[in-house]
Amino acid sequence: MTDLQTAKESLAGHTICLCKNGNCLYSEKRGISPMMNFIADGVNLAGYSVADIVVGKAAALLFIKCGIKEVFAKTLSKSAQKVLEENGVPVTFQTLTEKIINRAGTDMCPMEKAVLSTSDPEEAYTLLKHTLSTLTKEQK
């Protein structure tokens, strides 16, 4: 079984599963939080395969930053598909959508808005850190 097959089969009950050579990492956190936490913790994800519930451009750019080898998404945005394909990362999906919507269902996801104008993974990471910080302060 390939790493991607293992990740897909292990996704049940999680929001994301990353696998490499039988080693799997999981999270139940929503949105880009799992990837942001892995990056902040210094986890080396180069060569991992990912199965994720929702992949938008923000997540795709984080995958590129981390050296993810291949991606499966239950729901994939067209902008994420473009980013992954342009960076040579094979991607498969169940549903392709125009854009990722916020949790209230009223507008585009704030993380997607944050990276609209960039295709650079490092710049995206900086923008996303700032956006998460701003949203966290607003919720307090």
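A disulfide is counted here when a pair of cysteine sulfur atoms lies within 2.5 Å. In general terms, such a link is a covalent bond between the sulfur atoms of two cysteines. The structure examined is a predicted model, in which local features need pLDDT of at least 70 and side-chain atom pairs count only at pLDDT 80 or more, while totals for chains, interfaces and linings use all residues. Residues are numbered from 1 along each chain as its sequence is written, and side-chain values use heavy atoms, leaving out hydrogens and water.

By the sulfur rule, the count is 1 disulfide. Cysteine 19 is joined to cysteine 24, with 2.3 Å between their sulfur atoms. The link of cysteine 19 and cysteine 24 is right-handed, with 110° about the S-S bond. Both cysteine 19 and cysteine 24 are buried, where buried means under 20% relative accessible area, exposed means over 50%, and partly exposed lies in between (1.4 Å probe, protein chains only). Cysteine 17 is in no disulfide, and its nearest cysteine sulfur, that of cysteine 19, is 3.6 Å away. Cysteine 17 counts as buried because its relative accessibility is 0%. For cysteine 109, the closest cysteine sulfur belongs to cysteine 66, and at 17 Å this is too far for a bond.

Attention now turns to a pair of helices. Two packed helices are described by the angle between their axes and the distance between the axes. Helices (H or I, at least four residues) are DSSP runs numbered from the N terminus. Axes are lines fitted to C-alpha atoms over the stretch in contact, and angles run from 0 to 180 degrees between N-to-C directions. Helix 3 (residues 57-66) packs against helix 6 (residues 121-139) at about 125°, and their axes are 9 Å apart. Helix 3 and helix 6 are therefore oblique to each other, given that angles under 35 degrees count as roughly parallel, over 145 as roughly antiparallel, 65 to 115 as roughly perpendicular and the rest as oblique. On the helix 3 side, Ala58, Leu61, Leu62, Ile64 and Lys65 meet Pro121, Glu122, Ala124, Tyr125 and Leu128 of helix 6, contact meaning heavy atoms within 4.5 Å.

Lysine 78 is found in helix 4 (residues 78-86). With a relative accessible area of 40%, lysine 78 is partly exposed. Leu96, Thr97 and Glu98 are touched by lysine 78, not counting residues up to four places away in sequence.

Methods. Helix = DSSP H or I, 4+ residues; strand = E, 2+ residues; numbered from the N terminus.
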